[in-house]
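Here's a quick briefing to read with the model open beside you. It goes through helices, aromatic rings and salt bridges in turn.

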Amino acid sequence: MQRRSTEEFDCLPYVVKLLNGYMWVYYGIVKPNSILVATINGFGAVLELVYVTIFLIFAPPRTRAITATLFGVLDVVFPIGAVLVTQIFCNREMQIDVSGFLSLLFSVATYGSPLSIMKTVVSTKSVEYMPFLLSFILFINGLTWTVYAVLTNDWFIGIPNGSGFVLGTTQLVLYAIYWKPKQSKTTSDHVDDGWQHESLMLNN
């Protein structure tokens, strides 16, 4: 917003994370005693909707058109279709299974970004583009929701967040290996890049 430009940022992470949030909200609604899943991901979905809106405002015309198309298909048509189909043709147990599987699928997909970041760290031998705070949040978030999944015997939540816990742990190990004291040069732009590439929806 300060630069009034989306620069080289990609719209897809925001669009997919918004869809991911929708699916987890639906899962939390149809599954009994899952109000935490619905409310937390509802908050996350609202934030992602704000991010997508900002992206649409400041993106150049061609990128704005692509973003609007992806938003319309993935964040409007698909979730509405998924809800209508499952509500009309599926019983409650099947609704839980379908929404849980879709949530799991999109959650795992969002973890592609941390993997690419880790590859960059190893190849450059620098944690410049992997902010410690995001790695730590990924670790804590994955750990907390994995424990929740074990206690509630919910593997739709456990599998993606268990993956997040493993990735977060790996990132912290890489940070310990490749961290070097900062020089006088500011790295605020790199932190901004880290927020773009990390998977902070972490859905649950």
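How far apart are Phe132 and Phe136 in helix H6, in helical turns? They sit 4 residues apart in H6, so about one helical turn separates them. Keep in mind that this is a predicted model, where local features need pLDDT of at least 70 and side-chain atom pairs count only at pLDDT 80 or more, while totals for chains, interfaces and linings use all residues. Residues are numbered from 1 along each chain as its sequence is written, and side-chain values use heavy atoms, with hydrogens and water left out.

- Helices here are DSSP runs of H or I with at least four residues, numbered from the N terminus.
- H6 covers residues 132–152, and its 21 residues should span 30 Å at 1.5 Å a residue; the end C-alpha atoms are 30 Å apart, so the two agree.
- That expected span is 1.5 Å times one less than the number of residues in the helix.
- H1 passes the check too: 19 residues should span 27 Å, and its end C-alpha atoms are 27 Å apart.
- H1 is mostly covered, with 15 of its 19 residues buried (buried is under 20% relative accessible area, exposed is over 50%, partly exposed is in between, using a 1.4 Å probe and protein chains only).
- The buried residues of H6 include Leu134, Leu138, Phe139, Trp145 and Tyr148.
- Just after H6, Asn153 takes a positive phi of about 55 degrees.

**How H6 meets H7**

- H6 and H7 pack at an angle of about 150 degrees, and their axes are 7 Å apart (axes are lines fitted to C-alpha atoms, for helices over the stretch in contact, with angles from 0 to 180 degrees between N-to-C directions).
- Their contact has 15 nonpolar, 11 polar and no charged residues (Ala, Val, Leu, Ile, Met, Phe, Trp, Tyr, Cys and Pro count as nonpolar, Asp, Glu, Lys and Arg as charged, and the others, Gly among them, as polar).

**Aromatic pairs**

- The whole structure has 10 aromatic pairs (rings of Phe, Tyr and Trp, the last by its six-membered ring, pair if their centres lie within 6.5 Å; planes under 30 degrees apart are stacked, over 60 edge-to-face, and the rest tilted).
- One of them is Tyr27 with Phe156, edge-to-face at 5.9 Å centre to centre and 80 degrees between the planes.
- That pair links distant parts of the chain, with Tyr27 in H1 (residues 12–30) and Phe156 in H7 (residues 155–178), 129 residues apart.
- Tyr27 is buried at 0% relative accessible area, whereas Phe156 is partly exposed at 21%.
- Phe132 and Phe136 are stacked, 6.0 Å centre to centre with 15 degrees between the planes.
- Phe132 is partly exposed at 41% relative accessibility, and Phe136 is partly exposed at 37%.
- Ring pairs link Phe132, Phe136, Phe139, Phe165 and Tyr175 into a cluster.

**Salt bridges**

- The count comes to 2 salt bridges (a side-chain nitrogen of Lys or Arg within 4 Å of a carboxyl oxygen of Asp or Glu).
- Arg3 bridges to Glu7, with the closest N and O atoms 3.0 Å apart.
- Arg3 is partly exposed at 47%, and Glu7 is partly exposed at 41%.
- Asp154 bridges to Lys31, with the closest N and O atoms 2.6 Å apart.
- This pair links distant parts of the chain: Asp154 is in the loop between H6 and H7, Lys31 in the loop between H1 and H2 (35–58), 123 residues apart.
- Asp154 and Lys31 are both buried.

Terms used:
Helix = DSSP H or I, 4+ residues; strand = E, 2+ residues; numbered from the N terminus.
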